[in-house]
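Biologist: I have a model open on my screen and want to go through it with you. Shall we start?

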Amino acid sequence: MKNDKLFKSVKALTLSSLLAAMSVVIGIFCKSLMNFGDGLFRISFENLPIILSGIMFGPIVGSAVGIASDLISYLLSPQTYPINLIVTLGAGIIGLVSGIVSKYIIRNNGNLQIIASTSASHLIGSVIIKSIGLFDYYQWGVLFRIPTYIVIAVIETLIICMLYKKSGFKRLIEEVRKENL
């Protein structure tokens, strides 16, 4: 009998909740301290835990972590504009795409999987969808976000690759993947 639950174990629920919480904390920190140009240029690594959740648990959980972390971050951070569901969709797409790439396209654990997952998720979720969502606020200024997110994607890729080099981290991811197949 196939297990159709979103979280296949308590460990999966706990780790994905921790990743969502990490994304919220990183997002609030970056919104407060690394925000330039009235939000147009924000250096933030809040997508890193979302990408990790997609790699670890697959596209559905990755998407759930992205959406949950974006909504919670919005509720807890000092924002002056209303919630933007297109930006929230972009956060969900980041987890979805990283999960699809790592679970179905490049299945071997390693740098190629990380590079492809991070690049594809940032391109579709951050550069395209979130920029569309932010167009109402910044008009054509959203185009200036593209170089920023290219740099952020490279940095997040390097961080995840460095984490994968740690045997304990790699073992944790392999163990979680086996439990969630």
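**Reading the fold and its core**

Modeller: Note first that this is a predicted model. Take Phe 169: its relative accessibility is 17%. Buried means under 20%, so Phe 169 counts as buried.

Biologist: Is Tyr 164 buried or exposed?

Modeller: Tyr 164 has a relative accessible area of 6%. The cut-off for buried is under 20%. So Tyr 164 is buried.

Biologist: How are the rings of Tyr 164 and Phe 169 arranged?

Modeller: The structure holds one aromatic pair. Its ring centres, in Tyr 164 and Phe 169, are 5.9 Å apart, with the planes at 70°. Planes over 60 degrees apart count as edge-to-face. So the pair of Tyr 164 and Phe 169 is edge-to-face.

Biologist: In what order do the elements run from the N terminus?

Modeller: The protein has seven helices and two strands. From the N terminus on, the order is α-β-β-α-α-α-α-α-α.

Biologist: What does Ile 160 contact, leaving aside its neighbours within four places in sequence?

Modeller: Leaving aside neighbours within four places, its contacts are Leu 48, Ile 51, Leu 52, Ile 114 and Thr 118.

Biologist: How many disulfides are there?

Modeller: Cys 30 is buried at 2% relative accessibility, and Cys 161 is buried at 11%. A disulfide needs a pair of cysteine sulfur atoms within 2.5 Å. By this rule the count is zero.

Biologist: What share of the contacts with a separation of 6 or more joins residues 24 or more positions apart?

Modeller: Contact means heavy atoms within 4.5 Å. Among contacts with a separation of 6 or more, the share from residues 24 or more positions apart is 73%.

Biologist: What percentage of the residues is buried?

Modeller: Nonpolar side chains tend to be buried together in soluble globular proteins. Here the accessible surface comes to about 9400 Å², with 72% belonging to carbon and sulfur atoms. Of the 181 residues, the buried ones make up 46%.

Conventions. Residues numbered from 1 in each chain as written. Predicted model: local features only at pLDDT ≥ 70, side-chain atom pairs only at ≥ 80, totals over all residues. Heavy atoms only, no water. Helix = DSSP H or I, 4+ residues; strand = E, 2+ residues; numbered from the N terminus. Buried < 20%, exposed > 50% of the residue type's maximum accessible area, 1.4 Å probe, protein only. Areas by Shrake-Rupley, 256 points an atom, 1.4 Å probe, with all protein chains shown as cover. Phe/Tyr/Trp six-rings, centres within 6.5 Å; stacked < 30°, edge-to-face > 60°.
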